[in-house]
Amino acid sequence: MLPNQRWQIAPAQPERAAELAHITQLSPLITQVLLNRGLQTSEQMQAFLDPDSDALPSPLEAFSDLATSLELLQQAIVLRHKIAICGDY
């Protein structure tokens, strides 16, 4: 049985999307998608689309199990174990 889940469609904001498209020089479609993601200003949109790598968190801080994962991966490589990579995107 499938779970009873439904898509939550964000309402279109054509005027705001057009305004931001003009400011950012992006298409209104892209600015609408960014609005749907919760980005409300041209500055937020530019930062999202062109992030400064210095502002990114340390991977070791952002992913608490990263060091352990890397050790397991290195061990699997040395022992020539099969490795499966799974993702959600």
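What follows is a chat about a few helices and the bits just after them.

Modeller: Before we start, this is a predicted model, where local features need pLDDT of at least 70, side-chain atom pairs count only at pLDDT 80 or more, and totals for chains, interfaces and linings use all residues. Residues are numbered from 1 along each chain as its sequence is written, and side-chain values use heavy atoms, with hydrogens and water left out.

Colleague: Okay, which residues of helix α1 are buried?

Modeller: Helices here are DSSP runs of H or I with at least four residues, strands are E runs of at least two, and both are numbered from the N terminus. Buried means under 20% relative accessible area, exposed means over 50%, and partly exposed is in between, with a 1.4 Å probe and protein chains only. Helix α1 covers residues 14–24, and its buried residues are Ala17, Leu20, Ala21 and Thr24.

Colleague: Are α1 and α3 parallel, perpendicular or oblique?

Modeller: Axes are lines fitted to C-alpha atoms, for helices over the stretch in contact, and angles run from 0 to 180 degrees between N-to-C directions. Under 35 degrees counts as roughly parallel, over 145 as roughly antiparallel, 65 to 115 as roughly perpendicular and the rest as oblique. The axes of α1 and α3 come within 10 Å and cross at roughly 60°. That makes the pair oblique.

Colleague: Which residues make that contact?

Modeller: Sorted by class, the contact has three nonpolar, three polar and no charged residues. Nonpolar covers Ala, Val, Leu, Ile, Met, Phe, Trp, Tyr, Cys and Pro, charged covers Asp, Glu, Lys and Arg, and the others, Gly among them, are polar. From α3 come Ser42, Met45 and Gln46, and from α1 come Leu20, Ile23 and Thr24.

Colleague: Which residues of α2 are buried, then?

Modeller: What covers them includes α1 and α3. In α2, the buried residues are Thr31, Gln32, Leu34 and Leu35. Their arc around the axis is only 160°, so they sit on the same side of α2.

Colleague: Where does glutamine 25 lie, and is it buried or exposed?

Modeller: Glutamine 25 has a positive phi of about 65° although it is not a glycine. This residue lies in the loop between α1 and α2. Because its relative accessibility is 65%, glutamine 25 counts as exposed.

Colleague: And arginine 80, buried or exposed?

Modeller: Arginine 80 is also not a glycine, and its phi is positive, about 60°. You'll find arginine 80 in the segment after α5 (66–78). At 74% relative accessibility, arginine 80 counts as exposed.

Technical notes. Contact = heavy atoms within 4.5 Å. Arc of directions from axis to C-beta.
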